[in-house]
Amino acid sequence: MSASFPPQIPASAPFSPVQRLWLDGYLAGIFAAQGLATNNAPGGQLTTSGEAKPKPRVLVMYASQSGNSEELASEFGEKLTAAGFDAPVIGTEDHTEIELGNESHLLIVSSTWGEGDPPDNAVEFWDLLKSDNHPRLENLHFAVLGLGDSNYLDFCAMGKLFDARFEALGATRITARGDCDTDFEEPAANWLNTVLGELSSLSDASTSAAEPDKATISANSAPAYDKKNPFPARLLMNRRLNAEGSARDTRHFEIELTGSGLSYEVGDVLGVYPHNHPQCVDELTAALAFDGDQIVTLPDGEQITLRRALLERFDIRNVNRPLLEAWAPACDSELLRKLLADDSDASAIESYLWGREIIDLVNEHRPRFASPEDFLALLRRIGARLYSISSSPKAHPDEVHLTIARVEYEAHDRRRLGVCSSFLSDRVYPEGEVNVFLQTAKHFKLPTDLNTPVIMVGPGTGIAPFRAFLEERRATEAAGLNWLFFGNPHEANDFLYRDELEVMIEDGTLQRFDTAWSRDQETKIYVQDRMREAGAELWKWLTEGAHFYVCGDAKRMAKDVDDVLHEVIAEYGGKSASETAAYVADMKKSKRYQRDVY
Ligand code: NAP
């Protein structure tokens, strides 16, 4: 019979979470001081003097799609470390590297994807966790922070699911789940402060042994330019990529980063803060009978004109359930009352909200606001839009390029423009500045081995990161082969970056290029049809270690491409359905299958 050093504290022992964590560290310290390896508290450490300085371990995991949860988890890891904890941070895709049953404390930061689904990197972890035969986690103390967007009915669905599942498995909450909206920094910092407060007696208790640094979490402890303090960048170029006559309007933007101190890698994302359309602001103030020149006081105490507040600070478009709930008391609408009263029919609210904006609410359910501030109090702060960067910094030093479809459509008898795409396309260039920040995307990166072949599937604006990848592969003289699948409606009008791609074929950067012009013939042809046609070759590249990347539409394209990838592996690899699923899961785990879908 083998003994465990230091001994495990039985789950049934009558210790509070804090006492348990302290005891884990204390025991680890004693055993470490005796020169014994610890296998109970992975965070237990020896100082060079040999004195035990056990650090209580708090594991931080993230389930992230766009990188927000990942970035937040890293920040949490740093703050916990500064507070004297051993706080490793891992993505949920790496769940096999840990044994949840051996962990005592876990923080999980999760975004939600699609219709209440887990992000790509959490699919496997969530499948395992929710399985009926998952071992109980009675020793675990956990806290979940969900990130989401309250415009969606499934707001923070994955955070809620993780939270409920850990509870069902017998784990104990360190603190209540946090549900953060798009403006998550401050609530997330507050949530972590609460967690640290809950763990502080543990930290205090172990201070005698470990003397950890005390960390105060501040929402503002940040480098020069970031999401909270964006860089005012000059827009150097705004060029339409579609030819005259195309139904689409996809733009190429070039933004100057000189003097910002900001740097990025290909695959990363640029955050852009848009301004609302002045016409929308004027319509809104007129409909509400407010004077746009009136000075208003914002929640942070700043005093500016109402017009500027509505142009730059608030989301004046999106209507979501919380806004409806706050709106209903301000007007006398039977329809809104009924809609909100029937909790059982979420789809009724969804279909009511479709295409409706705040101006529609004002016109249809005229509210009574005592002051502009009462109206502003209902609005969310305007959020940054995140765009996949379409340039390599090696090819364009001090610049960042974007490839964005200008969104325009009709709803409820009005012409609607995408807030940020119309801001960049119509209202900034040539004189203006745009507030930007960079966000790393560790989940969407070129292979570090330059000899590795890459396959890129990017129809429409999905080409953005692959222009950057190809520029990077050329600049680094990567020997690995490059294969691009691109699709759009018509070859004549919608061949984005045609000239550049043709040069890349000529100069040997792009070895294989397959196009799918969906509307140049009677039957639609999509990128996945081209993948199917080239199945044998695709399989050969995969067996040679190629990385497989997808960027673009999440709802249909990414799913259909995934289906065909499975088909190709099954057919040319001679694999059963379960072997194919295992092969794809392994590709994801080894980061050979990466997606940037929206
Ligand atoms: P896109 O709409 O994604 O279209 C690019 C190409 O993909 C077109 O040839 C399109 O063909 C084709 N396509 C359509 N369904 C497909 C599928 N299931 N599998 C593979 N290919 C498929 O192009 P975009 O330039 O990136 O976007 C243009 C507009 O769509 C923008 O207004 C953008 O905002 C919007 N958009 C919305 C979402 C979203 O809401 N999630 C996602 C992506 C794009 P056909 O059009 O001929 O069928």
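**Salt bridges and ligand surroundings in the predicted model**

Arginine 251 and aspartate 249 form a salt bridge in which the closest N and O atoms are 2.7 Å apart; the term denotes a side-chain nitrogen of Lys or Arg within 4 Å of a carboxyl oxygen of Asp or Glu. The structure is a predicted model, in which local features need pLDDT of at least 70 and side-chain atom pairs count only at pLDDT 80 or more, while totals for chains, interfaces and linings use all residues. Residues are numbered from 1 along each chain as its sequence is written, and side-chain values use heavy atoms, with hydrogens and water left out.

The relative accessibility of arginine 251 is 13%, and that of aspartate 249 is 17%.

The whole structure holds 48 salt bridges. In one of them, glutamate 472 pairs with lysine 394, with 2.5 Å between the closest N and O atoms. This pair connects distant parts of the chain, 78 residues apart: glutamate 472 belongs to helix H14 (residues 464-475), and lysine 394 to the loop between strand E12 (385-388) and strand E13 (399-405). Helices (H or I, at least four residues) and strands (E, at least two) are DSSP runs, numbered from the N terminus. Glutamate 472 is buried, at 11% relative accessible area.

A salt bridge also joins glutamate 167 to arginine 173, the closest N and O atoms lying 3.3 Å apart. Here glutamate 167 is partly exposed, with a relative accessible area of 44%, and arginine 173 is likewise partly exposed, at 31%. These two residues belong to a salt-bridge network that links Asp163, Glu167, Arg173, Arg177 and Asp179.

The ligand is surrounded by 20 residues, of which Thr461, Ser518, Arg519, Lys524 and Tyr526 are the closest; a residue is counted if one of its heavy atoms lies within 4 Å. The shell comprises 7 nonpolar, 6 polar and 7 charged residues. At least two residues of the shell come from strand E18 (482-488), and at least two from helix H19 (557-573). Oxygen atoms of the ligand lie 2.6 Å from a polar side-chain atom of threonine 461, 2.7 Å from a side-chain N or O atom of serine 518, and 3.0 Å from a polar side-chain atom of arginine 248. The protein buries 79% of the 870 Å² that the ligand exposes when taken alone; accessible areas come from the Shrake-Rupley method with a 1.4 Å probe.

In helix H6 (residues 278-287), the buried residues include Val281, Leu284, Thr285 and Ala287. These residues lie on the same side of H6, because they cover an arc of only 165° around the axis, taken from the directions from the helix axis to the C-beta atoms. Gln279 and Ala286 are exposed on the other side of H6. An α-helix has 3.6 residues a turn, so residues three or four places apart point the same way.

Histidine 547 is located in strand E20 (residues 547-552) and is buried, with a relative accessible area of 12%. The side chains of histidine 547 and tyrosine 549 make a polar contact at 3.3 Å. Such a contact is a pair of N or O atoms within 3.5 Å; within protein, one must be able to donate a hydrogen and the other to accept it, and residues adjacent in sequence count only if both atoms are side-chain atoms.

Terms used: Ala, Val, Leu, Ile, Met, Phe, Trp, Tyr, Cys and Pro count as nonpolar, Asp, Glu, Lys and Arg as charged, and the others, Gly among them, as polar. Buried means under 20% relative accessible area, exposed over 50%, partly exposed in between (1.4 Å probe, protein chains only).
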